[in-house]
Amino acid sequence: MVHIDLTTEDALAKIPVLKEKLLSSPLVDGVATAGFLPGVGMGRRPLSADNGESQESQFVYFGRVDYDYLQTMEIKLLAGRNYDLERSNDATQNIIINES
């Protein structure tokens, strides 16, 4: 795992080129981006779900990841599906919940 801090808009816009260059190396198995280091620096905010009777809110940790993150980190889903580039709303409206 390599951490590269890309925080400016200019640097973020170059991520696709960086990923392509890294993936061209035979020494690289996968490339993904995330807005945090695993286990460190994740944001926290309230999330509520309608359970049919009331909307209970609780604080949850969250992190933004790209479409390649789960595969690159070899994270298996117990149910549901991974993010899909063909579904444009995955980037803004869908979440994957980690049971741990």
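Reply: Buried means under 20% relative accessible area, exposed over 50%, and partly exposed in between, with a 1.4 Å probe and protein chains only. This is a predicted model, in which local features need pLDDT of at least 70, side-chain atom pairs count only at pLDDT 80 or more, and totals for chains, interfaces and linings use all residues. Residues are numbered from 1 along each chain as its sequence is written, and side-chain values use heavy atoms, with hydrogens and water left out.

The structure holds 2 aromatic pairs (rings of Phe, Tyr and Trp, the last by its six-membered ring, pair if their centres lie within 6.5 Å; planes under 30 degrees apart count as stacked, over 60 as edge-to-face and the rest as tilted). The pair of Phe 36 and Tyr 69 is tilted, because the ring centres are 6.1 Å apart and the planes stand at 55 degrees. This pair links distant parts of the chain, with Phe 36 in the loop between α2 (15-23) and β1 (43-50) and Tyr 69 in helix α3, 33 residues apart. Both Phe 36 and Tyr 69 are buried.

Tyr 67 and Tyr 83 form an edge-to-face pair, at 6.4 Å centre to centre and with 85 degrees between the planes. Tyr 67 counts as partly exposed because its relative accessibility is 24%.

Charges also sit over rings (NZ of Lys or CZ of Arg within 6 Å of the ring centre and within 35 degrees of the ring normal): Arg 45 lies over the face of Phe 62, 4.2 Å from the ring centre, while the charged end of Arg 44 is placed over the ring of Tyr 61, 5.8 Å from its centre.

Methods. Helices (H or I, at least four residues) and strands (E, at least two) are DSSP runs, numbered from the N terminus.
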